[in-house]
Amino acid sequence: MLSFKFLNASISKKVSSLFVLLLSFLLVVIIYSIYKLNMIDNEMKEVAYVDIPLSQIMNEIEMLQLEQHILLEKFRLKEQAKESKPPKNKQFAYQKQQLRLLLDKAVKVIADSLSSHEIRYDLKSHQQIMLDIETYHQKSNVFEQQLLAMISTTHISDEKQRQLELMASELEASVSVILRRIETLTLEAGRYTEKHEQEFKLVNIALGFSALILGLILTTYIIRIFDYRIVRIKQQIRAFESSFRDDNSGLEVGGAVRSSQDELVELEQDLKLMMRRLTKEIINREQVEQQLLVLATQDKLTGAYNRHKWDEQLTIHLDLARRGSKFSLLLLDIDHFKGINDQHGHQVGDQILQHLVATFKARLRSVDLLFRVGGEEFAILLPMQGVAAASQVAEQLRRIVEQLTESDLPTYTISVGVTEFCDNDSEESMFKRADQALYLAKSGGRNRVQSA
């Protein structure tokens with residue numbers, strides 16, 4: 001049974017290992033097949049280039065021996081008929097020359113094959129055949145000499161004739177023995193080659209069947225791995241989905257039986273559904289986070305930044321100013337705002353605050369920051385502006401507010417204190433200096449701008 005640790009390993013590594021195993025097995029089959037084919041090819045070459053030529057040579061020698069035998073019989077019949085004219089010895093000389101050539105050719109075939117290591121099957125038998133051929137060659141020379149000697153004489157005794165016939169019979173028997181040995185070697189080599197072919201065929205069948213079984217096992221194993229992984233992924237999807245789903249929303253994932261689809265299609269659909277729900281959940285959470293960020297940094301009534309955002313941005317701009325940048329601070333207040341609330345009510349007072357912030361946002365730059373730091377008190381950070389430019393901006397805002405006429409709102413004015421960053425300034429010192437300028441603007445009659 002497969003271990004849990006191996007099931008949890010990398011699928012790519014497992015599949016790669018399995019295919020390497022299968023390919024290694026097939027490589028062994030191929031190497032073995034090449035080896036067996038090379039062996040069979042060498043054996044067939046030995047039969048084709050050694051044994052068959054030897055058989056052909058010995059057949060020719062046998063024919064020459066037969067011709068000599070026939071010639072010897074003719075000579076014996078003539079001798080019995082008392083013919084005085086002996087046969088010509090040219091025929092014997094020609095046969096002797098042909099026989100020598102054939103014997104030399106046979107010996108050369110075996111000697112060359114032995115020296116080049118082409119003979120691999122039954123090496124001793126081939127060496128013995130070569131020795132037999134050489135022995136036969138020697139006996140044949142003796143026979144030829146005696147035969148020629150008898151032909152040159154006018155009378156041959158019966159004893160000489162019997163000796164000659166006996167030697168001819170021995171030579172014929174030697175040729176027969178050599179031929180039988182060569183034929184036996186050829187047949188044995190053929191049977192040996194056929195045996196190798198049968199073994200090769202059976203081994204290939206066995207190896208092919210083994211490869212098939214191994215492929216089926218590997219395929220089954222891979223399918224089990226994927227099934228196991230798919231079940232695990234589905235379980236994790238359901239667990240993940242259940243962590244943020246509503247009471248009735250999680251029935252979609254894996255809830256319906258989809259027997260007409262395979263596991264990968266079902267897994268794909270579960271993943272798509274989970275991604276849709278996750279995307280929706282992320283969007284909802286981003287919206288909530290955005291709303292929380294707005295609530296944490298903006299004034300609920302006016303939409304201006306609140307005191308928390310003021311502390312954060314003032315610290316940032318002070319750090320930038322200490323590195324060489326500059327900025328200015330406007331601190332402003334609505335004149336007689338308490339009297340407006342007392343005369344017209346707090347609802348009108350809130351509308352004036354909202355109207356003031358909307359007016360400022362329409363006139364300020366995108367980099368300028370507007371904060372509500374108190375009931376009717378506001379602060380404006382002007383990046384990259386000195387006190388002179390900031391005073392001009394403050395004066396423009398004061399005039400805009402002074403000239404506003406709204407039918408449903410009473411007229412009102414503002415007082416503004418202006419200051420810019422100085423060396424060694426802190427949050428307290430800069431705010432205190434702007435607050436002092438605002439106090440001077442109020443004490444000087446209100447509806448005016450005062451710099452410090």
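I began with helix α7 (residues 307-322): at 1.5 Å a residue its 16 residues should span 22 Å, and the end C-alpha atoms are 23 Å apart, which agrees. The expected span is 1.5 Å times one less than the number of residues; helices are DSSP runs of H or I, at least four residues, numbered from the N terminus.

A note on provenance: this is a predicted model, where local features need pLDDT of at least 70, side-chain atom pairs count only at pLDDT 80 or more, and totals for chains, interfaces and linings use all residues. Residues are numbered from 1 along each chain as its sequence is written, and side-chain values use heavy atoms, with hydrogens and water left out.

Next I checked burial (under 20% relative accessible area, 1.4 Å probe, protein chains only). In α7, I found K309, W310, Q313, L314, H317, L318 and A321 buried. They cover an arc of only 160° around the axis, so they sit on the same side of α7; the arc is taken from the directions from the helix axis to the C-beta atoms.

Then I looked at the ends. N306 caps the N-terminal end of α7, with a side-chain oxygen 3.3 Å from the backbone nitrogen of H308. Just after α7, G324 takes a positive phi of about 120°.

I also looked up T297, which lies in helix α6 (residues 263-297). T297 is buried, at a relative accessible area of 10%. Leaving out residues up to four places away in sequence, T297 touches A304, Y305, N306 and K309 (contact means heavy atoms within 4.5 Å).

Conventions:
Helices (H or I, at least four residues) and strands (E, at least two) are DSSP runs, numbered from the N terminus. Buried means under 20% relative accessible area, exposed over 50%, partly exposed in between (1.4 Å probe, protein chains only). A polar contact is a pair of N or O atoms within 3.5 Å; within protein, one must be able to donate a hydrogen and the other to accept it, and residues adjacent in sequence count only if both atoms are side-chain atoms.
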